[in-house]
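Let's take a look at how two protein chains sit against each other. Have the sequence and the 3D view ready as you read.

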Protein chains: 2
Amino acid sequence: MTQPASFQRARSREAKQARETAILEAARSLGRERGIRDVTLTDIAAEVGMHKSALLRYFETREQIFLELTAEGWREWSTALRTRLRTTPTADPADVADAFATTLAARPVFCDLLAQAPLNLERNVSLEAVRDFKLVTLHEVALIGAELDRLLGLNEQQTLDLVSTATGMAGALWQMATPGPRLRELYTTDPRLGHAVVEVEPRLRRILTAFLTGTRA
Amino acid sequence: MTQPASFQRARSREAKQARETAILEAARSLGRERGIRDVTLTDIAAEVGMHKSALLRYFETREQIFLELTAEGWREWSTALRTRLRTTPTADPADVADAFATTLAARPVFCDLLAQAPLNLERNVSLEAVRDFKLVTLHEVALIGAELDRLLGLNEQQTLDLVSTATGMAGALWQMATPGPRLRELYTTDPRLGHAVVEVEPRLRRILTAFLTGTRA
């Protein structure tokens with residue numbers, strides 16, 4: 001009936017990983033439904049069917065869960081963006097801007113997390129967790145930079161400026177575009193507030209097209 | 001010993017206004033010291049020497065106090081920016097970008113508030129308070145737009161794109177540049193994290209110069 005110790009460790013590692021995946025999936029699903037801002041640790045524990053104290057054996061804080069989702073978001077978005085850039089026919093600023101705008105706007109939870117990370121998420125986790133997170137983002141920026149160098153001849157600083165504008169504005173515009181149903185109704189019913197209605201994708205596309213056109217000029 | 005009713009009303013209006021000004025000044029001072037994120041209603045009440053319940057006779061919530069400071073920040077920044085733009089000798093994108101970057105970077109509390117407003121401040125106040133706030137920002141954007149039309153011939157959409165990029169990135173970059181002493185030390189001591197160190201003014205100047213150059217191209 002006994003099993004080799006290595007097999008038991010493997011099973012326990014797998015079980016731990018399965019739990020972590022379930023916790024992240026629950027947090028992502030709640031974040032998609034109601035916005036990251038309104039999801040508490042208690043909500044996540046309830047969604048995944050664990051006690052809060054048990055959940056804290058897997059993650060330090062609510063913020064660490066969402067910072068981990070932000071890191072996953074960077075890897076997944078960067079892969080999708082680089083796939084798009086590799087098949088972009090011409091090195092035209094408008095095409096590159098379109099690749100950034102459409103891949104970001106298609107990922108609303110990631111946009112929400114991009115705005116939350118520097119304000120809230122990075123501030124309530126261990127230094128080690130922030131270090132790991134920053135290394136993930138800088139690695140993905142370097143991979144994106146290789147494509148931008150090939151397509152448009154951008155240098156390292158221009159890549160950092162472009163990626164921080166794309167991700168910074170995706171986060172900021174998403175927050176403005178998703179003010180909740182009460183405010184959205186106010187913006188659309190009061191004609192004086194027409195300009196308060198923000199559409200993420202077209203505005204992001206215009207901003208990045210202008211930025212890239214000007215960078216190459 | 002009695003005084004005319006109109007004089008009493010005036011005194012009471014003045015007293016109310018003096019109280020509101022003191023509350024806003026206390027909130028601004030605490031926000032400058034420790035960041036908006038870490039200032040509670042209890043902190044503001046203690047700083048101004050009132051009970052929390054008394055303070056709530058002047059403002060609905062903590063968020064309304066900071067939203068009012070954000071509106072004040074828009075008026076004050078817009079005035080400074082337009083004064084700079086009126087004395088800008090040439091209609092050069094770099095000069096206009098410099099006017100935006102230097103006036104925003106010189107106002108750290110306003111940068112902090114710009115990032116907090118759509119995420120947190122607009123979501124915990126009455127619809128009336130958000131409406132008033134939006135009308136202030138749209139009015140200032142229109143005034144800034146008149147200068148940008150005169151200098152660079154920007155239309156309404158280009159002005160909205162520029163001002164949202166300037167204020168959105170000022171907020172996002174300020175949050176990244178001000179991660180607190182613990183994280184700042186991590187970024188400056190781990191050589192792998194060199195690119196995590198952000199300087200608001202030069203990056204904002206480069207981004208807006210590229211945007212304006214591209215917009216005019």
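## How much area is buried?

Chains B and A bury about 4,600 Å² between them, and carbon and sulfur atoms give 62% of that. Buried area here is the accessible area (1.4 Å probe) that two parts lose on being put together, summed over both. On the residue level, 46 residues of chain B are in contact with 46 residues of chain A, where contact means heavy atoms within 4.5 Å.

A quick note on the ground rules: this is a predicted model, with local features needing pLDDT of at least 70 and side-chain atom pairs counting only at pLDDT 80 or more, while totals for chains, interfaces and linings use all residues. Residues are numbered from 1 along each chain as its sequence is written, chains are lettered from A in the order in which they are written, and side-chain values use heavy atoms, leaving out hydrogens and water.

## Salt bridges and helices

There are 6 salt bridges between chain B and chain A; that term means a side-chain nitrogen of Lys or Arg within 4 Å of a carboxyl oxygen of Asp or Glu. R203(B) makes a salt bridge with D161(A), and their closest N and O atoms are 3.4 Å apart.

Which elements of chain B give two or more residues to the side that touches chain A? They are helix 6 (108–119), helix 7 (127–152), helix 8 (156–177), helix 9 (181–189) and helix 10 (200–216), with helices being DSSP runs (H or I, at least four residues) numbered from the N terminus. Helix 8 of chain B brings the largest share, 11 residues.
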